[in-house]
Amino acid sequence: MTIRDYISTSRKILDKPINNQRYESILKDLHGERRIDLNLQTIFSLNRKTEIAELKKVKYLIYDQYLGQTFYELNRIFFGAPRDEIGLCYSFKLIGENLQLRNYLNASLFFAHYFTNFYPYFKEIKKFEKEVLMFSTIQEYFVIAHEISHEIVANHVNENLFETTRKLLTKNHVEIFDKINLTEESITKSYVNSLIETMRFPEELRESVQSQSKIVFKGGLQEYISKTKYLINDRKDFIEEIICDEIATNMVLKLNISSPETVIRAIHIGLFNLRLLSIADRMISQIKDKSQSINDYFFESNIRLNVFRKNFETTLRIKYKKTDLKRFLDLLESDTNRYTKLIANPMLFSTQTDVNEISKQEKLMKRKYKYKEARELNKLINKALR
Amino acid sequence: MKLLIEIPRSDIKEAMDFYEANPINVEVIVTKKFEGALDIINMIVDVTTAFGPYVIDYLIKRKEEGKKSTIKIKGIEYEYDTREELEEIIKSAQEEE
C-alpha cells in the first residue's frame with residue numbers, strides 16, 4: 001500500500017487543480033541549509049488538514065491546498081467584511097462541511113441552506129487584495145514551517161529546551177498574576193459584553209446573562225492558574241507546539257518575505273484562523289464524543305496565542321532592535337478585537353447554539369443512509385457549499 | 001476497496017498484531033497533525049472479498065469489547081451499530097467501485 005491509499009481513505013478529496021510546484025518551492029525556501037527528509041504530497045481535500053505521515057520508514061508532508069484557500073477566505077473577511085453576518089455565514093459553511101465529513105447529511109444540508117441564504121452579504125466585502133494575498137502566503141509558509149519544526153524537534157532538540165521553555169512560560173504566564181489585578185468579576189464582565197454584543201441580547205437581559213455566566217468562570221483565577229500550570233508542567237505535546245510555533249515563525253522571518261511586523265501580524269491572525277478551523281471540527285466531534293471539550297481547547301489555544309505574542313514582542317525588541325512597540329502592540333490588540341467580533345464570536349456563540357439545537361433533532365442527526373440517498377444529498381450539499 | 005480504521009494509540013499492540021497477522025491487507029500509518037500528536041493509530045485495510053469478513057469480525061469484536069474504532073471510506077466517517085449495518089456499508093462501497 002502507498003501513501004496515496006492513506007490519503008484517499010482518510011480524506012474527502014475534492015476535484016480541484018493542485019499547484020504542487022508552488023509548495024515544493026515553499027518547502028525548498030524553508031529547508032534552507034538544513035537536511036530534512038520530507039516527501040511533499042500536495043492535495044486538495046475537504047478536511048483542510050496538513051500532517052506528517054510515516055509509511056514504510058518514509059516520512060511525508062501532506063499539505064492541503066484547501067487550507068490555503070480557507071486562509072484566503074478568512075483573511076478576506078477579516079480585512080474587508082463590514083458586518084459580522086459574513087463571518088457567521090462562513091462559519092455555517094465550515095460546520096456544514098464538517099457535518100458532511102461525518103455523514104450527518106441532513107444536518108449538513110441544513111447548514112448549507114443557511115449558508116446560501118446569507119451568501120449575498122459576501123458581495124459587501126471590501127477589497128484588500130494585496131494584504132489578503134500577503135497574509136495568506138505568510139500563513140501557508142508558517143503552517144509548512146511548523147510541520148518541519150516538528151521534524152527538527154524530533155531529531156535535533158534535547159530535553160533542555162523543553163525545560164527552559166517551561167521555566168519561561170511559568171515566569172511569563174503564571175507568576176505574572178502575582179503582579180496584576182485580574183479579578184473573576186473583570187473576566188466575567190468582558191465575557192458578558194461579548195455575548196450580549198454577538199447574540200444581540202437586549203440590555204435588559206444583562207443581569208440574567210451575568211449571573212449565568214458566573215457558572216462558566218466558577219473556580220475563577222485560581223482555576224485558570226492551575227490549568228495553565230498543568231499545561232506547562234504535564235503536557236509535553238503542548239510545550240512542543242509552543243517550541244514549533246517559535247521555530248516556524250523564526251524560519252519565516254528569516255526569509256524576509258515582508259517586514260518583521262507584517263510577518264508576526266500575519267502569523268498571529270493565522271493562529272486565529274487555525275483555531276477557528278479546529279473549533280468547527282471539535283464542535284461536530286463532540287456531538288458523539290463528549291471528551292472533545294471546546295472549553296479546554298479554547299483555553300489551551302489562548303495560552304498558546306499569549307505565549308506567541310510575548311515571544312515575538314521580545315524578538316522585535318532584542319533581535320530587530322525595535323524600541324517603541326506601542327503602535328504595533330496596539331495593532332495586534334485591535335486585530336484580536338476585530339477577528340473576535342467578525343469571525344470568532346459568530347462561530348463560538350451563534351453557530352454553537354445552532355449546533356446544540358440541531359443535535360437534539362433526531363431526524364437531522366441521522367447518519368445511516370442508503371447509498372443512493374447519500375449520493376443525492378451529497379450532490380445538494382456540494383452544490384450549495386462549493 | 002480500501003478502508004481506514006482509526007483506533008486509540010493505547011491499542012497500538014492490538015493494531016500491530018492485526019498488521020502482523022495480515023501484512024498483505026493491512027498497513028499501519030503513524031501521523032502527526034498540526035495540533036500535536038493525536039492519540040490515534042491509523043490502519044489502511046484492503047477489503048478484498050476474501051479479507052472482508054476478517055475486517056468485519058475484527059471491528060465487531062472491538063465494538064463488543066467496548067473499544068473505540070472509527071472507520072472512514074474516502075474520507076467520510078461511517079457509523080454502525082450491528083454487523084449487518086457494517087456489512088451494508090462495505091458492500092455499498094464495493095459496489096460503488
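A: The side chain of R166(A) gets to 3.3 Å from the backbone oxygen of I232(A). That's a polar contact, meaning a pair of N or O atoms within 3.5 Å; within protein, one atom must be able to donate a hydrogen and the other to accept it, and residues adjacent in sequence count only if both atoms are side-chain atoms.

Some ground rules before we go on. This is a predicted model, where local features need pLDDT of at least 70 and side-chain atom pairs count only at pLDDT 80 or more, while totals for chains, interfaces and linings use all residues. Residues are numbered from 1 along each chain as its sequence is written, chains are lettered from A and ligands numbered from 1 in the order in which they are written, and side-chain values use heavy atoms, with hydrogens and water left out.

Back to R166(A). You'll find R166(A) in helix α7 (residues 159-173) of chain A; helices (H or I, at least four residues) and strands (E, at least two) are DSSP runs, numbered from the N terminus. Is R166(A) buried or exposed? Its relative accessibility is 11%, so R166(A) counts as buried. The cut-offs, with a 1.4 Å probe and protein chains only, are under 20% relative accessible area for buried, over 50% for exposed, and partly exposed in between. If you leave aside neighbours within four places in sequence, R166(A) is in contact with E159(A), I232(A), N233(A), K236(A) and I239(A). Contact here means heavy atoms within 4.5 Å.

Now zoom out to the chain around it. Chain A has 15 helices and three strands. Its radius of gyration is 21 Å, close to the 21 Å that the globule rule gives for 386 residues, so chain A is as compact as a globular protein of that length. That radius is taken over C-alpha atoms, and the rule is 2.2 Å times the number of residues to the power 0.38. Along the principal axes, the C-alpha atoms of chain A fill a box of roughly 60 × 60 × 40 Å.

Side chains of opposite charge can pair when their charged atoms come close. A salt bridge is a side-chain nitrogen of Lys or Arg within 4 Å of a carboxyl oxygen of Asp or Glu, and the whole structure has 44 of them over all chains. Take R76(A) and E73(A), whose closest N and O atoms are 3.5 Å apart in a salt bridge. The two are three residues apart in helix α3 (residues 65-80) of chain A, which means about one helical turn separates them. R76(A) is partly exposed at 23%, while E73(A) is buried at 18%.

Compare that with D335(A) and R265(A), which meet in a salt bridge at 2.6 Å, N to O. Here distant parts of the chain are linked: D335(A) is in helix α14 (residues 326-358) of chain A and R265(A) in helix α12 of chain A, 70 residues apart. D335(A) has 3% relative accessibility and counts as buried, and R265(A) is buried too, at 18%. Salt bridges that share partners also tie K49(A), R102(A), D281(A), K288(A), R367(A), E77(B) and E79(B) into one network.

One of its members, R367(A), has a salt bridge with E77(B), with the closest N and O atoms 3.1 Å apart. Across the interface of chain A and chain B there are nine salt bridges. The contact takes 37 residues from chain A and 33 residues from chain B. Together the chains bury about 3,000 Å², 56% of it on carbon and sulfur atoms; buried area is the accessible area (1.4 Å probe) that two parts lose on being put together, summed over both. In chain A, M1(A), T9(A) and K368(A) lose the most area to chain B, together 23% of what that side buries.
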